[in-house]
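Open the model in your viewer and keep the selection tool at hand. This tour goes from one selection to the next.

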Amino acid sequence: MLSLILHLSLILCAFCDLAEYKSKRDKLIEDEYRLTLGGNINLTEKEIIVNNCLMQYKFHEVDYGFNNPKYFNFSHHYFSYREKIGQSKVYRIIKDMPKGAALHVHDMGILGPDYLMNITYMNNLYVCLDKNVNLKFSNKTPQIPCEGQWQLISKIRETCGNVTKFDAELRKHFSLVVDNPDVVYPSITESWSTFMNYFITVAPMLTYRPIWEQYFYDVLYKFRENNIMYLEVRSILPKLYELDGTEYDPLITAKAYRKAVTRFTKDYPDFFGAKLIYAPSRQVDKVTVEEYIKLAKRLKEDVPDIFAGFDLVGQEDLGNPLIEFLPQLTAAKGDLNFFFHAGETDWYGTSTDENLFDAILLGAKRLGHAYALPKHPLLMKEVLKNDIGIEVNVISNTVLSLVRDVRNHPLNIFLAHGLPVVLSSDDPGAWEADPISEDFYVAFVGVASRSSDLRMLKALALNSLKYSALGGQNKNDANKKFITRWNDFVEKFNCASY
Ligand SMILES: [Zn+2]
């Protein structure tokens, strides 16, 4: 009898131990979830309904990939699955969801090749083909050196015999998308070189003043369509020109932005607005950086309502690192807000990697990409302590050869540590992505934890306003507008419509 009692109590204790273990495990998982971005948000009853719908579809996608890894799109090149994204219910919900602001986009890379092709049908556009496609609006034959012959593009279409073929060839110069990315882009050198050629091709066409003004209006329209309410756009501020060859000061480019934003917010009062980050090339000498900084200060003086701050752009691995311009940047530190690209690299311990140290020491308000940040535990602490926003652009990092399988993207580390992340899209038009919803989708399903849910998406949207360059009352107003829109989205949400 005694042995039976002992035996039973041993079994019961084993159950006790198991139950205790299970509850400890649950608590640990829950505690860790609370540390993740958005993990301590409490959802309302109505938000829980949205979340249940969203997560049912997310689990379906993730679990299918878990069980069939070779069909998990996000482990392949973005170009291989981008056309299927529209079929995803998770994507469609995300597209409809208010997402706040987009804080890391480059003006000339936003609208895709179809938009650019329409521009080529406008009057007075000349083209000259040598190793590049050179384009220029002009009221007479351009005198710009070119190995080929300058001709009106309309004339070529008239005489070429096969407009469809001509257009298909031309369109290739407005996009990085190819059928065989592994062959065309074996390394970062090839993807960046094509990317830079894209800008060389489109810039002379987009900088025709009337095109530029309309282009940015259309950019805002596209973002609004994706439920973005505010934009911070980076620009090299190229000189705009007229048909007769007149060129303007870059200040006029900034004013053209202001004009487009004013017109847009008048037409669409629910859109909050846009600001400009002056972001010229980093591949220049110190004297040129001094000139850049002078212009940035003029912008701050002349267009303070639209000017947000300063950055340097270009393939970071090719230089120059921020440390090269330390005297110039330190001198400007008190006057300008910095939003530096930093650590957009796979190369640990290199000058590109160390840009993160300089960006943080120079007091950057946000870091562009900060892809290399998880390798720097002290810098991760600094980011949290100084509340520096991290602008993550997942699709850009895959297309520009930093990572293939996005499950290995460092964003999941940022999210797990609850770092102040904002999601953006960099140059979505150049790889034929939509303005930002696809980036949210790939991050949410491909990078974030299986269990990351609506709380994370809400936190990302709130972060995008919190870490924006909007000041004081404006930021409060933007937040209020966002909350109203968010509640409206939740209120009207109908799972069956997806
Ligand atoms: Zn960028």
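Start with helix α18, and show what lies around it. The cover over the buried residues of α18 includes α2 (45–67), α4, α16 (394–399), α17 (411–416), β11 and α19. This is a predicted model, in which local features need pLDDT of at least 70, side-chain atom pairs count only at pLDDT 80 or more, and totals for chains, interfaces and linings use all residues. Residues are numbered from 1 along each chain as its sequence is written.

Some terms for the way: helices (H or I, at least four residues) and strands (E, at least two) are DSSP runs, numbered from the N terminus. Contact means that two C-beta atoms, placed from the backbone, lie within 7 Å. A buried residue has 20 or more other C-beta atoms within 10 Å of its own; exposed means 12 or fewer, and partly exposed is in between, again with C-beta atoms placed from the backbone.

**Stop 1: α18 and α4**

Select α18, residues 437–447. How many of its residues are buried? The count is 11 of the 11, so α18 is largely enclosed by the rest of the structure. Among them are Glu-438, Asp-439 and Gly-446.

Axes are lines fitted to C-alpha atoms, for helices over the stretch in contact, and angles run from 0 to 180 degrees between N-to-C directions. α4 and α18 are therefore oblique to each other. Under 35 degrees counts as roughly parallel, over 145 as roughly antiparallel, 65 to 115 as roughly perpendicular, and the rest as oblique.

Show the side chains at the contact. α4 brings Val-90, Tyr-91, Ile-94 and Lys-95; α18 brings Ser-437, Phe-440, Tyr-441, Phe-444 and Val-445. By class, that is seven nonpolar, one polar and one charged. Here Ala, Val, Leu, Ile, Met, Phe, Trp, Tyr, Cys and Pro count as nonpolar, Asp, Glu, Lys and Arg as charged, and the others, Gly among them, as polar.

Stay on α4. Its buried residues are Val-90, Tyr-91, Ile-93, Ile-94 and Lys-95. Their cover includes α2 and α18.

**Stop 2: the sheet with β11**

Select β11 (421–423) and β8 (341–342), the edge strands of the next sheet. Each pairs on one side only. Strands pair if DSSP finds at least two bridges between them. The sheet is open, has four strands in the order β8-β9-β10-β11, and its pairing is parallel.

Find β9 at residues 366–369; two bridges join it to β8. Which residue of β9 is the bridge partner of His-341? Click Gly-368. Next, show α19, residues 454–466. This helix packs on the sheet, touching β10 (389–392) and β11, and its direction makes about 95° with that of β11.

**Stop 3: the antiparallel sheet**

Move to an open sheet of three strands, ordered β3-β2-β4, with antiparallel pairing. Its edges are β3 (133–137) and β4 (151–152). β2 (residues 125–129) pairs with β3 over five bridges. Pick Leu-129: it stands opposite Val-133 in β3.

**Stop 4: α11 and α12**

Finish with α11 (residues 250–267) and α12 (residues 286–302). They pack at about 40°, axes 10 Å apart. Pro-250, Leu-251 and Ala-254 of α11 meet Leu-295, Arg-298, Leu-299 and Asp-302 of α12. This contact has five nonpolar, no polar and two charged residues.
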